[in-house]
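Thanks for coming. I will go through the salt bridges in this one, pair by pair. Please have a look at the structure first.

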Amino acid sequence: IVVYMAGYLVRRNAEIKYRLSGFLKPMAILGVIAVLLLKEPDFGATVVVTATTLGMMFLAGMRLRHFAVLFSLVIAALAVIAISAPYRLARLTTFLNPWARPFDTGYQLTQSLIAFGRGGWTGVGLGKSIQKMFYLPEAHTDFLFAVIAEELGMLGMSIVLGLFMLLVTRVFMIGREAQQLGRHFAGYMCYGFGLWIAIQFTVSIGVNSGLLPTKGLTLPLMSY
């Protein structure tokens, strides 16, 4: 999707800025990808891919009113999809108070929060996590950041967050430089990959810390 959108934004740059059809065409392609992802089912990846696509179109100079309409429609569609499946609805409601059902639907998040609490400021030490010993499900993939929080504490979390922000900033700087040199395809590619990494690590960390509903998203470049 990132590669396709980068090419599309170069070929149809004027259309994406001034005409309604400019963003309807990529939305059709995105719709096919979204249907396939939702059939898996993988709602989390659908959100990331959709958000990345919208972000790329916005950075390409899409008119604000067109973007606002499209953004509203996409949010409405994702909301309908989220509440249409019982397991998704349970995830959406459980994260608000996981302690109400700590041994049922709230189990994974409560175990993650326990890991955060055990970590404190400096953590229990690298490799010394208790929660990853089968207490916290998917500790090596979706909930890796909770293990980082337990082993390395607030200090380690801050370093990881700082490194991710540095990486995304550098990717965007490379994209801007590429566009200044007239290499618009490379520039949009950078913007797409930068957005993807930024959205995914934000959602992953938000899920681990209980700020967002539980989603099966890995921590980029770090999860198994």
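Is R118 buried, partly exposed or exposed? R118 is partly exposed, at 37% relative accessibility. For the cut-offs, buried is under 20% relative accessible area, exposed is over 50%, and partly exposed is in between, with a 1.4 Å probe and protein chains only.

Some housekeeping. This is a predicted model, where local features need pLDDT of at least 70, side-chain atom pairs count only at pLDDT 80 or more, and totals for chains, interfaces and linings use all residues. Residues are numbered from 1 along each chain as its sequence is written, and side-chain values use heavy atoms, with hydrogens and water left out.

A salt bridge here is a side-chain nitrogen of Lys or Arg within 4 Å of a carboxyl oxygen of Asp or Glu. That rule gives 5 salt bridges.

R118 pairs with E150, with 2.3 Å between the closest N and O atoms. E150 sits in helix 8 (residues 144-180) and R118 in helix 7 (residues 107-119), so the partners are 32 residues apart. Helices are DSSP runs of H or I, at least four residues, numbered from the N terminus. E150 is buried, at 0% relative accessible area.

Next, E151 and K132 form a salt bridge at 2.9 Å, N to O. K132 is in the loop between helix 7 and helix 8, and E151 is in helix 8, so this pair ties together parts 19 residues apart in sequence. E151 is buried at 7%, while K132 is partly exposed at 31%.

Last, R101 and D104 meet at 2.4 Å, N to O. R101 is partly exposed at 47%, and D104 is partly exposed at 43%.

Conventions. Helices (H or I, at least four residues) and strands (E, at least two) are DSSP runs, numbered from the N terminus.
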